[in-house]
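Welcome! Let's walk through this structure together with a few questions and answers.

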Amino acid sequence: MSEERLRILHVAPYYGPAWAYGGSVYVVTELARRQAAHGHTVMVATTDALDARRRMPSGRHLIDGVTVYRFPNLSNALAWRRIFLPLGLGRGVASLLPAADVVHFHEVRSLLNALVLPALLRMGVPYVVTAHGSLPAELGRVAAKRLYDVLIGHRLLSHACRLHALTEMERDQYAALGLPLERITLIPNGIDPMAFDFEVDAAAFRQHYGIPENAPLIGFVGRLNRIKGLDFLIEAFAEVRRHRPDAMLLLAGPDDGAQSTLEAQAMRLGLAAAVRFTGMVEGEKAKAAAYRASTVYVLPSRYETFPTTVLEALLNAVPCILTERCGLAAPLAEANAVQVAPFGDVAVLAATILRFLDSPAEAHAQAKRGRRYVIKHFDWQTVTDRWIQTYRECMR
């Protein structure tokens, strides 16, 4: 069985190039693509979600060796609010199950799971669940999440062959639900060490957004969503400006419901002229330019299971600060690869940023250590091999 090629079906609400939906899209897309590159037969059942205004063409598509089945959402506006209502997906996936050795669910509370689970259990196909940080019910829409858990969620998790945890923090969340530890598999997300192995013009990026060449720039790349803690970062930035009035703040990413509130906050604190909102940063080179234009990268999240943007920033050798509520905070800090600040402590976050700005040599030495750590521990090749091993265990 060790050499047998597998038939893998991923079920996910989103798939590349729907990058506006966050880092999980990249993970699903890259994992499927790499599994196909290893010679396995890989299918993806997903929706036509692309971004707040656009959809992808529905139907069957062959992308990088992966057969992608896109089912149209009833409403693109609802999909952008993470309410995916794919038409015909239940019947469509039921027809694919006989051709699958294993099914991999992405997200826990998704209508896609509810549509697929009955047929999956009836046919006895083994499956694994990746929560992508979505396990806690307390992070918004609590009543709806608890209802989903009663109707579908508990059944989905209890029958899974493997429950995938990205970090020890997420493994503890599974365990707190009473799920057996022996079914919890700890596998990090991967990252391509060569993903940013090219030159970019960071100075041109700054010039495009009206950021002075020598201004200290505190950067953030990601969705502008309340959970990212950007209100906390703006408060800390106001304190930084009292000591470094030339400092600027970059918020690079699509609006996911928080931008107007953040703009009002910046205006109220007298920071509007010092904050740059770029919208979605399209393409790896543009993303790399956003990272490298930053003097320091900050991820101020209220909750973050697996902070991919921190790994990307470190690959670009940018000094990083994140909160203790991010799943990789402990191992990255133990490796002396990043600085960690307690969420909500404005004074500590501001002081940590200022220390990086005042000690650039020390900051860059830490960033270089972080880059070496990321390359060693998060290579996609190792992650893909571990997933194939996990699938084989389920099949046995």
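**Cysteines and a parallel sheet**

C161 and C394 form a disulfide (a pair of cysteine sulfur atoms within 2.5 Å), with their sulfur atoms 2.5 Å apart. This is a predicted model, where local features need pLDDT of at least 70, side-chain atom pairs count only at pLDDT 80 or more, and totals for chains, interfaces and linings use all residues. Residues are numbered from 1 along each chain as its sequence is written, and side-chain values use heavy atoms, leaving out hydrogens and water.

Q: How far apart in sequence are the parts that C161 and C394 tie together?
A: C161 sits in the loop between α5 (142–158) and β7 (162–165). C394 belongs to helix α15 (380–395), so the pair ties together parts that lie apart in sequence by 233 residues. Helices (H or I, at least four residues) and strands (E, at least two) are DSSP runs, numbered from the N terminus.

Q: Is C320 buried or exposed?
A: Buried means under 20% relative accessible area, exposed over 50%, and partly exposed in between (1.4 Å probe, protein chains only). The relative accessibility of C320 is 1%, so C320 counts as buried.

Q: Which strands are the edge strands of the open sheet of six strands?
A: The sheet has parallel pairing and the order β11-β10-β9-β12-β13-β14. Two strands pair if DSSP finds at least two bridges between them. Each edge strand pairs on one side only, and these are β11 (275–279) and β14 (339–341).
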